[in-house]
Amino acid sequence: MRYWLMKSEPGTFSIGDLAKAPQQTTGWDGVRNYQARNNMVAMRKGDRVLFYHSSADPTAVVGTATVVREAYPDSTAWDKNDSHYDAKASAANPIWQRVDIKFESEFARPVTLEELRGVKELSKLVLLQRGSRLSVQPVTADEWKMVCRMGGL
DNA sequence: GCCAACGTTGGC
DNA sequence: GCCAACGTTGGC
């Protein structure tokens, strides 16, 4: 089993929105970055996800989710009315993929970016690397455990 | 709102 | 294939 971190702006889609969604599940569409897409394609059912609020106050890991459906075409890419429309994508050539994730837990307390930066064991966390802005990133098992413990899980 | 860092595009 | 220009991300 592998571990990941996914970013979302809470103003667009928050951990609370995921908890309230039908079947507490959502399709992670709109990703338009190849490296992030490749990470989603590498995801397997049962993989675990840290849910991170970006462009928030405070920015923080706020809970966890699990992968319930592996990569499949992101049809929003060829929807002209979608804000992430990509003229090069089509049903025959989807280019972009999404996975479905299901709500697992909301942390008792958010683990802020500032807190994460203060933990020696998390110095390699992709999120904390200089200039890192990948919206879907890998996390190690040890990092996962540490962040969950900090969140009061 | 600013701006550093990064990814993509397109002219050559 | 290079690289300047441009667009986006995301913390502050």
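Welcome to this predicted model. Close to DNA strand C, the protein surface is made up of two nonpolar, three polar and two charged residues. Their names are Lys7, Tyr52, Ser54, Ser55, Thr59, Leu113 and Arg133, and they surround DNA strand C. Of the atoms of DNA strand C that come within 4 Å of the protein, 80% belong to sugar and phosphate.

Which atoms of the protein approach a phosphate oxygen of DNA strand C?

| Residue | Protein atom | Distance to a phosphate oxygen of DNA strand C |
|---|---|---|
| Lys7 | polar side-chain atom | 2.9 Å |
| Ser55 | backbone N or O atom | 3.0 Å |
| Arg133 | backbone N or O atom | 2.7 Å |

Now let us turn to the fold. Six strands form an open sheet with mixed pairing, in the order 2-5-4-3-1-6. Strand 2 (25–27) and strand 6 (136–139) are the edge strands, each pairing on one side only. On average, neighbouring strands of this sheet are turned by 35° against each other, direction ignored.

Inside the sheet, strand 3 (residues 48–53) and strand 4 (residues 60–73) form an antiparallel pair over six bridges. Tyr52 is found opposite Val61 in strand 4, and Tyr52 is also one of the residues around DNA strand C.

What lies across strand 1 (3–8)? Helix 4 (residues 141–150) does, and this helix also lies across strand 3, strand 4, strand 5 (97–112) and strand 6. Helix 4 runs at about 45° to strand 5.

Definitions and conventions
Residues numbered from 1 in each chain as written. Chains lettered and ligands numbered in written order. Predicted model: local features only at pLDDT ≥ 70, side-chain atom pairs only at ≥ 80, totals over all residues. Heavy atoms only, no water. Near = heavy atom within 4 Å. Polar contact = N/O pair within 3.5 Å; in protein donor to acceptor, adjacent residues only side chain to side chain. Nonpolar A, V, L, I, M, F, W, Y, C, P; charged D, E, K, R; others polar. Pairing = 2+ DSSP bridges. Helix = DSSP H or I, 4+ residues; strand = E, 2+ residues; numbered from the N terminus. Axes fitted to C-alpha atoms, helices over the stretch in contact; angles between N-to-C directions. Contact = heavy atoms within 4.5 Å.
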